[in-house]
Amino acid sequence: MDFFEVINSRRSVRKFKQDVPVSDEQVRKILDAAIMAPSAGNGQSWHFVVLRDKALKGEIAAKAGHQAFIDQAPVAIVVCADMERAGSKYGDRGRGTYALQETAAAVENMLLAANALSLASCWVGAFDEAKAAEILKLPSHLRPVAILPIGAPAEHAVRVPQRRHIEDVTEFR
Ligand SMILES: Cc1cc2nc3c(=O)[nH]c(=O)nc-3n(C[C@H](O)[C@H](O)[C@H](O)COP(=O)(O)O)c2cc1C
């Protein structure tokens, strides 16, 4: 796939094939894409927790995410913002803005990498951060901001979810 095909064919997938594994090498490639994202002053205020453990994944899905499909993916990656790191260089701007922007950039790279590998994912943002942190026993400076279940897609979107038009969201001055 060329670059624009990777972007345009990426879809949020919420059903995964149970019998197709995701290899460590594939996970590594997705993480490689994540850490190539830009970050403020190259601060790289991100931290990734790769979940393969069925019980842990299940607990996150049931108690933090309330989204069962997280558990059905062979792998789920919890993307965390390292607030200490973000704040150490840029103070409130780092903690309040850059930490989220940097992790968001990493997440998008990961979604695109998964698609390029013929895998699929979904950016899960609606979850109880405190609960997830408790289940994963995260230190207090790590804020879990996204969960990415990753697997071989078992559903294919028939059409692209509608986008607002460029003319409606852009000003050309
Ligand atoms: C910040 C953010 C949070 C999201 N949270 C969820 C979520 O909790 N659960 C879910 O099923 N999809 C979630 N999504 C996926 C969106 O629903 C999806 O990207 C959107 O409907 C467009 O579809 P597409 O990704 O297939 O283009 C989230 C996306 C973003 C960017």
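Tutor: Buried means under 20% relative accessible area, exposed over 50%, and partly exposed in between, with a 1.4 Å probe and protein chains only. This is a predicted model, in which local features need pLDDT of at least 70 and side-chain atom pairs count only at pLDDT 80 or more, while totals for chains, interfaces and linings use all residues. Residues are numbered from 1 along each chain as its sequence is written, and side-chain values use heavy atoms, with hydrogens and water left out.

Student: Which residues is F69 in contact with, leaving aside its neighbours within four places in sequence?

Tutor: Contact means heavy atoms within 4.5 Å. By that rule, F69 touches R14, F16, C122, V124 and P149. The C-alpha atoms of F69 and P149 are separated by 7.7 Å, although the two residues are 80 places apart along the chain. F69 itself lies in helix α4, residues 69-72. Helices (H or I, at least four residues) and strands (E, at least two) are DSSP runs, numbered from the N terminus.

Student: In what order do the strands form the sheet?

Tutor: Strands of a sheet pair through backbone hydrogen bonds, either parallel or antiparallel. Two strands are taken to pair if DSSP finds at least two bridges between them. Here 4 strands form an open sheet in the order β1-β2-β4-β3, with antiparallel pairing. The edge strands, β1 and β3 (120-121), each pair on one side only. β1 and β2 are joined over 6 bridges, and β2 and β4 over 8 bridges. As examples, H47 has C80 in β2 as its bridge partner, and V78 has I147 in β4.

Student: Which way do the residues of β2 point?

Tutor: In a regular strand the side chains alternate between the two faces of the sheet. In β2, V75, I77, V79 and A81 point one way, and A76, V78, C80 and D82 the other way. The strand is mostly covered, with 8 of its 8 residues buried.

Student: Which helix lies across β1, β2 and β4?

Tutor: Helix α6 (residues 129-136) does so, running at about 80 degrees to β4. Axes are lines fitted to C-alpha atoms, for helices over the stretch in contact, and angles run from 0 to 180 degrees between N-to-C directions.

Student: Which members of the largest nonpolar core touch the most other members?

Tutor: A nonpolar core is a set of buried Ala, Val, Leu, Ile, Met, Phe, Trp, Tyr and Cys residues joined through side-chain atoms within 4.5 Å. Of the 26 residues in the largest one, I30, F48, I77, V79, M110 and L148 touch the most other members. At least two residues of this core come from each of α2 (24-35), β1 (46-51), β2 (75-82), α5 (83-116) and β4 (142-151). The greatest share is that of α5, with 9 residues. Apart from this core lies another, of 24 residues, including F16, C80, A120 and L142.

Student: Is V160 buried, exposed or partly exposed?

Tutor: V160 counts as partly exposed, because its relative accessibility is 48%. V160 lies in the loop between β4 and α7 (166-169). Its C-alpha atom is separated by 8.4 Å from that of S9, and the two residues are 151 apart along the chain.
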